[in-house]
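Me: I have a structure here that I have not looked at before. Can you take me through it?

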Amino acid sequence: MRPDILNPLFTPTDTLEGVGPKLAKPLNKLGLNRLRDVAYHLPERFVTRRAVANLDDAGAGEQVVIALVPTEHQASRGRGPYRVLAQDDAGNICALTYFGRASYSARKLLPVGEKRWVAGRIDQYGQMLQIVHPDHVVAEGGDTLRRLCEPVYRLAEGLTQPKLASLVAQTLEKLPSLPEWIAPSLLDRMQWPAWSDALELAHRGEHAAARDRLAYDELLANSLALLLVRADNRRKKGRSLAGDGRLRDRVELPFPLTGAQTRSIGEIEADLAQEAPMLRLLQGDVGAGKTVVALAAMLIAAEAGAQAALLAPTEILARQHFETLRRMTAPTGVQIALLTGRDKGRSREGTLLGLMDGSIDIVIGTHAIFQDNVNYRDLGLVVIDEQHRFGVSQRLALSGKGRRTPHTLAMTATPIPRTLTLAQYGEMDVSRLDELPPGRQAIDTRVVALDRMDSVVAGVGRHIAGGQQAYWVCPMVHDDETSEMAAAEARYAALREIFGADVVMVHGQMKSEDKDAAMECFAAGEAKLLVATTVIEVGVDVPSATLMVIEQAERFGLAQLHQLRGRVGRGAEKSTCLLLRGDMLSETARDRLTLMRETQDGFLLAEEDLRLRGGGELLGTRQSGDTPFNVATLEQIQRLLPVAHDDARMLLDRAEAEGADGKPGAALAGERGDAARTLLYLFERDFGVRTLRGG
Ligand code: ADP
Ligand code: MG
């Protein structure tokens, strides 16, 4: 149960003054549902304004405060803007421009002939200067405005900066006083403010120490939760799965295992033989051969008489795994089934029955395999493929399926830098496939300007005329699936004009049947060119495809480009990757593409990705979803996470030493322990706390 002391922070935002139904949508969109969310909605940046007496002194784009006298109101007909012309002391004119509903307030705020202090950004508008939607218009108090260093928050439509600022101000007034969870020595050394002071300061100005402290809190909460899960897991009752090799011996692998594969399988086998449930991450670059490692693990489970489930992130991938594994295990007699959200009716019933009565040994599917109505006779092992986006609480939910806690093997091809591995998978042991299967050739990677499209298309033509296959990846458009689809459809239509039935397409919005049909057609070699969005990013394996074109490659992150490129270079033939770039390249984008050309080392690319993104960032910009953090930036994660992790371990070690009876509830005892517990709830890492309580 959440400590009462946190209640004020978890009251809904609509209890604040001035929040009506109209704000519900934007607040929800920003995730500002409770006061804690508002408190942690930190400014993206701050504006500091310059006071100018004369418009001539203000440059376009500059934030200013200036005294103006309105001379004329110009309402436009239809949907045009509402303009108020105003002049400075020297008689220079500028326009104060309002769109939509805001124009009503302009009428009242700017009476003709009366001096007003106006704060906002000066823009050039044709021959004239203008301020669009001034931030402030006041009759008195120009001095206050001048001194103002104002936060700029991320907004959603229907919410304004002043409105949000008022919600923040109200929230800050209501902050409870919380016990300190950071060790006094660390607070001292870092010169960090107390929690509530840190929030105040972070909203008021660019206060690095305050920001760091808040980020540290989040990192500490995460590390603590992961370590608690880990400790709890060691105490859990699972079951030992010891294989006798009888199934593995009969598998027909078309290749010898690499040393890294053999080593990883050995590590997994040792874990499975333990009673404590395995929590292991198999980390291996694209094409390193994780699938056969998963297969070996699942066969060990089957040899021991238990069932295994393999969870794939997409339907395409589930199907592909199913086909591959069925082929390899054909001589063993192991029963493998496929279960996805699409399976309905009789075949689904059959699979569900088979899982319940134990006649199915291995099931492969999407999240459908973990729905409530799916029951296993004896689930001993869960394998999660390519699930770097999965959070810990979801991984825990999956492990709740067996009678006893099943063993878990998570696999990821995202070569996450070490620091992030700790943040994402801190509760797991790690096996690394740090060796690619032999005979892989370097992928010839080239950066090509987009305006050479014609010759690229001609090159693709020669490639497929020679009997080889190719991918064509269309860009993401603002993370928006609909426009992504539109881009893919358009490219598909154009290429289809040229190459006819040789071209097929997959994108996220297609019906799964159509996706599968296209994939099968491509995998079977009937189609030569696959136009796709990033849905092919993970796991798709068609070794005979040797050319990849990535359109507007500058829009992708390094890790993602690496994943995409990993779809080729899987067979014996030499492969090529063409990165088509637009001409509006930022410096970072240019660096990224150069790096792609120069290296194929996934771990290096991941480190660089982190560095490039970490560097040029505004303070506190929300991270791009690939970290489990909302407050901590990439840079802060790198700098502070190791400290937080050590600190968390110390807290728990001490707790374990003191709670000599070994009871889980004994962890996190004492004053600092209580404070740490509060912290876990504050950051909603209470899955960590649950392991404390339940025991
Ligand atoms: P990933 O780690 O990206 O999931 P896969 O398991 O899909 O990689 O394997 C990539 C390709 O390499 C597949 O075509 C697979 O058959 C092949 N492969 C895997 N292990 C070996 C090996 N030891 N020797 C040769 N080829 C292998
Ligand atoms: Mg894979």
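Reply: One term to start with: two strands pair if DSSP finds at least two bridges between them. Also, this is a predicted model.

Me: OK, bridges. In E15, what is the bridge partner of Leu279?
Reply: The partner of Leu279 in E15 is Thr408. Strand E10, residues 279-284, and strand E15, residues 407-412, pair in the parallel sense, and five bridges join them.

Me: What is the strand order in the sheet with E10 and E15?
Reply: The order is E12-E13-E11-E14-E15-E10-E16. That is an open sheet of seven strands with parallel pairing.

Me: Which strands stand at the edges?
Reply: Strand E12 (336-339) and strand E16 (429-433) do. Each has a single partner strand, so one side of each has no neighbour in the sheet.

Me: And how much are neighbouring strands turned against each other?
Reply: By 20° on average, with direction ignored.

Me: Which strands does helix H12 lie across?
Reply: Helix H12, residues 345-357, lies across strand E11 (307-311), E12 and strand E13 (362-365). The helix runs at about 130° to E12.

Me: Switching to the ligand. How many residues surround ligand 1?
Reply: There are 16 residues around ligand 1, and the closest are Pro256, Gly287, Lys290, Thr291 and Arg440.

Me: What classes are in that shell?
Reply: Six residues are nonpolar, five are polar and five are charged.

Me: Where do polar side-chain atoms of Lys290 and Thr291 lie relative to the ligand?
Reply: For Lys290, a polar side-chain atom is 2.7 Å from an oxygen atom of ligand 1. For Thr291, a polar side-chain atom is 2.6 Å from an oxygen atom of ligand 1. Gly289 takes part through its backbone: an N or O atom there lies 3.0 Å from an oxygen atom of the ligand.

Me: How much of ligand 1 does the protein cover?
Reply: The protein covers 86% of the 560 Å² of accessible area that ligand 1 has on its own.

Me: Back to sheets. What order do the strands have in the one with E17?
Reply: That open sheet has six strands in the order E17-E22-E21-E18-E20-E19, with parallel pairing. Strand E17 (444-449) and strand E19 (503-506) are the edge strands, each pairing on one side only. From one strand to the next, the twist averages 20°.

Me: How many bridges are there between E17 and E22?
Reply: Six bridges, in the parallel sense, with E22 covering residues 576-581. Val447 has Leu579 in E22 as its bridge partner.

Me: Which strands does helix H15 touch?
Reply: Helix H15 (residues 453-465) packs on the sheet and touches E17, strand E18 (469-473), strand E20 (529-532), strand E21 (545-550) and E22. Its direction makes about 150° with that of E18.

Me: And H17, what does that helix lie across?
Reply: Helix H17, residues 512-523, lies across E18, E19, E20 and E21, and runs at about 135° to E19.

Me: Last one. In which helix is Cys521 found, and what does Cys521 touch?
Reply: Cys521 is in helix H17. Leaving out residues up to four places away in sequence, Cys521 touches Val504, Glu526 and Ala527. Val504 is 17 residues away along the chain, and the C-alpha atoms of Cys521 and Val504 are separated by 8.0 Å.

Conventions. Residues numbered from 1 in each chain as written. Chains lettered and ligands numbered in written order. Predicted model: local features only at pLDDT ≥ 70, side-chain atom pairs only at ≥ 80, totals over all residues. Heavy atoms only, no water. Near = heavy atom within 4 Å. Polar contact = N/O pair within 3.5 Å; in protein donor to acceptor, adjacent residues only side chain to side chain. Areas by Shrake-Rupley, 256 points an atom, 1.4 Å probe, with all protein chains shown as cover. Nonpolar A, V, L, I, M, F, W, Y, C, P; charged D, E, K, R; others polar. Helix = DSSP H or I, 4+ residues; strand = E, 2+ residues; numbered from the N terminus. Axes fitted to C-alpha atoms, helices over the stretch in contact; angles between N-to-C directions. Contact = heavy atoms within 4.5 Å.
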